[in-house]
Amino acid sequence: MKQQKTDRRSQRTYRLVNSAFAELVVEKPYDEILVQDILDRANIGRTTFYAHYFDKEDVLNSIIEQELERLTRQLAHAVARQRVLPSLELFEHVYHSENQPFRALMRSRAGEFLWEALQAALCQAIEPALSTLCAEKRSPPIPLPVVSQYLAGALLTLLKWWVVADMPYPPEQMESIFQQLALPGVWAMFKEK
């Protein structure tokens, strides 16, 4: 993204463009969205758009960055509550209706970058929590980066299924399902002698 300006008019433009893009991504596939569609929906001119963004991919990256910042704050709360895995926070984040554009991105081809970024953010949240757990016990037989990649991947695979299936279960039930499926092996690893 071009260097973000902080004056009120620029902030208004960012809000208009992001909001327009979020509405459009719910309505049609990312590949079918044109810059002109964004301009029409945001009711701004082409010059204004290009003063703030390079192209529609730049808008997409801006929205993904904002979502990741919000999600990272939520994950930090889970870590602060000393939970190893912020699965409930992630399911709840996606579940809320204001995140419909986020869910639409998750379903689209454009969401590949989002999934990669989520994997990295989850690993960054999980590994320190596992390290804290290991400090209280002996070293596990499997390196912690491997365990955090496994847990993040399993959680994201289940999350992707849940989103594509139109969230047939509430976040609390999904969190319970994930805990039952993924964590027994991890806890057993810590108990191995």
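Mentor: Let's start with Glu23, which is partly exposed at 37% relative accessible area (buried is under 20%, exposed over 50%, partly exposed in between, with a 1.4 Å probe and protein chains only). Before going further: this is a predicted model, where local features need pLDDT of at least 70 and side-chain atom pairs count only at pLDDT 80 or more, while totals for chains, interfaces and linings use all residues. Numbering runs from 1 along each chain as its sequence is written, and side-chain values use heavy atoms, with hydrogens and water left out. On pLDDT (the predictor's confidence in each residue, from 0 to 100), the protein averages 86, and 93% of its residues reach 70 or more.

Back to Glu23. Its side chain forms a salt bridge with that of Arg41, at 3.0 Å from N to O (the rule asks for a side-chain nitrogen of Lys or Arg within 4 Å of a carboxyl oxygen of Asp or Glu). This pair ties together distant parts of the chain, with Glu23 in helix H1 and Arg41 in helix H2, 18 residues apart (helices are DSSP runs of H or I, at least four residues, and strands are runs of E, at least two, numbered from the N terminus). Arg41 is partly exposed too, at 33%.

H1 covers residues 8–27, 20 residues in all, and goes 29 Å from its first C-alpha to its last, close to the expected 28 Å (that is, 1.5 Å times one less than the number of residues). Its buried residues include Tyr14, Val17, Phe21, Ala22 and Leu24. At the start of H1, a side-chain oxygen of Asp7 comes to within 3.1 Å of the backbone nitrogen of Arg9 (a polar contact is a pair of N or O atoms within 3.5 Å; within protein, one must be able to donate a hydrogen and the other to accept it, and residues adjacent in sequence count only if both atoms are side-chain atoms).

What about the partner helix? H2, residues 35–42, has the highest mean pLDDT among the elements of the protein, at 97. Asp37 makes a salt bridge with Lys28, again at 3.0 Å from N to O.

For contrast, look at H4, residues 56–80, whose mean pLDDT of 80 is the lowest among the elements. Glu67 and Arg70 both sit in H4, three residues apart, about one turn of the helix, and their side chains meet in a salt bridge at 3.0 Å, N to O. Glu67 is buried at 12%, while Arg70 is partly exposed at 30%. By this rule, the salt bridges come to five.

As for the record, an unreviewed UniProt entry lists "domain: HTH tetR-type" at residues 11–71 (positions follow the numbering used here, feature names are shortened, and annotations may be inferred rather than shown by experiment). That span is 79% helix and 0% strand, with its end C-alpha atoms 21 Å apart. The unreviewed entry also places a "DNA-binding region" at residues 34–53, a span of 75% helix and 0% strand whose end C-alpha atoms lie 14 Å apart.
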